Amino acid sequence: MNTWNRVHLKETAKERFRKNYWKCVLISVVTAIVGTGFIGGYGASFFGSSSYQSRLAGLKNFKEKISEFSTATFIAIGVVSILAIISAAALLFFIHVLLINPATIGCKRFYYRNLFENADIKEVCYTYDKGYKNGVTVLFYRDVYTFLWTLLLVVPGIVKSYEYRMIPYILGEKPDMDKEEAFRLSKEMMTGNKWKAFLLDLSFLPWDILGVMTLYILNIFYVTPYKQLTGAGLYNELKKERKME
């Protein structure tokens with residue numbers, strides 16, 4: 001039976017955030033880098049430029065020059081472009097698996113420990129010192145399973161992402177726990193709680209909108225730490241319900 005209350009979780013998160021504000025903000029920057037709390041970008045309007053006509057003339061000249069290339073040249077450019085894209089994708093994949101996922105575990109550990117004390121920044125590097133290989137392996141399988149479920153339909157992928165939600169927190173406490181046990185515990189903790197957890201996430205939607213309106217600056221200084229501490233509070237409540245040590 002789930003007895004946790006999202007209002008209580010959020011109030012506790014805000015209280016703990018205030019007591020260790022600047023460290024939480026700094027970790028929110030790390031969270032942004034690992035891709036869990038910040039998405040940024042910018043764009044420019046082509047038609048809004050004062051040199052619109054000159055751009056059109058440039059495009060015309062460009063088309064004329066392009067027509068001078070041979071088919072073999074285009075094929076070579078295409079092959080090189082494809083290889084470059086594949087290489088970049090492979091590099092990003094290894095960065096995600098070997099660097100970002102372990103840092104994610106460390107961030108979750110920081111926010112969880114911050115519920116009880118003013119956690120130290122060094123917690124972010126926890127997995128690099130303890131259980132690195134196991135953490136990389138378990139989160140790799142988590143990502144693969146989530147991706148495969150998402151290929152079926154979006155909804156199963158979302159459901160599975162909630163089922164696997166507690167894995168980084170679990171590894172943050174027990175870095176050597178094997179894959180099967182980590183998945184089992186997360187599934188057990190989230191059984192009967194996925195919908196409530198979804199509503200908890202949904203309650204942050206106004207904050208997310210404000211974050212977008214402030215170009216994600218608000219995310220760094222408030223929204224991300226607030227959400228992450230609330231998520232850590234959820235893990236703590238589910239852990240107590242299951243009487244986990």
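Which helices each supply at least two residues of the nonpolar patch? Helix H4 (71–113) and helix H6 (132–152) do. The views below come from a predicted model.

**View 1. A nonpolar patch lies on the surface.**
The patch is formed by Leu-91, Leu-92, Phe-93, Phe-94, Ile-95, Leu-98, Leu-99, Tyr-128, Phe-140 and Tyr-141. Together these residues have about 900 Å² of accessible area. H4 gives the largest share, seven residues. Leu-91 is one of the patch residues and lies in helix H4. Its relative accessible area is 53%, so Leu-91 counts as exposed.

**View 2. Helix H6 spans 31 Å from its first C-alpha to its last.**
H6 has 21 residues. Its reach is close to the 30 Å expected at 1.5 Å a residue. The buried residues of H6 are Asn-134, Gly-135, Val-136, Val-138, Leu-139, Arg-142 and Thr-146. Arg-142 has a relative accessible area of 16%. That value is under 20%, so Arg-142 counts as buried. The side chain of Arg-142 meets that of Asp-143 in a salt bridge, 2.9 Å from N to O. Asp-143 is partly exposed, with a relative accessible area of 22%.

**View 3. Tyr-112 and Tyr-235 form an edge-to-face pair.**
The model has 21 aromatic pairs. In this one, the ring centres of Tyr-112 and Tyr-235 are 5.1 Å apart. Their planes stand at 75°, so the pair is edge-to-face. Tyr-112 belongs to helix H4 and Tyr-235 to helix H12 (residues 217–241), so the pair ties together parts that are 123 residues apart in sequence. Tyr-112 is buried, at 10% relative accessibility. Tyr-235 is buried too, at 1%.

**View 4. Tyr-141 and Tyr-145 form a tilted pair.**
The centres of these two rings are 5.8 Å apart, with 50° between the planes. Both residues lie in helix H6. They are four residues apart, about one turn of the helix. Tyr-141 is partly exposed at 31% relative accessibility, and Tyr-145 is partly exposed at 29%. Lys-179 lies over the face of Tyr-141, at 4.8 Å from the ring centre.

**View 5. Ring pairs link several aromatic residues into a cluster.**
The members are Phe-17, Tyr-21, Trp-22, Phe-204, Trp-207, Phe-221, Tyr-222 and Tyr-226.

Side chains of opposite charge can pair when their charged atoms come close. The model has 16 salt bridges. Lys-14 has a relative accessible area of 21% and is partly exposed. Glu-11 is partly exposed as well, at 45%.

**View 6. Salt bridges with shared partners build one network.**
The network joins Arg-109, Arg-113, Glu-117 and Glu-123. Within it, Glu-117 forms a salt bridge with Arg-113, with the closest N and O atoms 2.9 Å apart. Glu-117 is partly exposed, with a relative accessible area of 36%. Arg-113 is also partly exposed, at 29%. The charged end of Arg-109 sits over the ring of Tyr-126, 3.7 Å from its centre.

Notes
Residues are numbered from 1 along each chain as its sequence is written. This is a predicted model: local features need pLDDT of at least 70, side-chain atom pairs count only at pLDDT 80 or more; totals for chains, interfaces and linings use all residues. Side-chain values use heavy atoms; hydrogens and water are left out. Patches are made of residues with over 30% relative accessible area and no salt bridge: like charges are joined within 9 Å, nonpolar side chains (Val, Leu, Ile, Met, Phe, Trp, Tyr) within 5 Å. Accessible areas come from the Shrake-Rupley method with a 1.4 Å probe; for residues, only the protein chains shown count as cover. A salt bridge is a side-chain nitrogen of Lys or Arg within 4 Å of a carboxyl oxygen of Asp or Glu. Buried means under 20% relative accessible area, exposed over 50%, partly exposed in between (1.4 Å probe, protein chains only). The expected span of a helix is 1.5 Å times one less than its number of residues. Rings of Phe, Tyr and Trp (its six-membered ring) pair if their centres lie within 6.5 Å; planes under 30 degrees apart count as stacked, over 60 as edge-to-face and the rest as tilted. A charge sits over a ring if NZ of Lys or CZ of Arg is within 6 Å of the ring centre and within 35 degrees of the ring normal.
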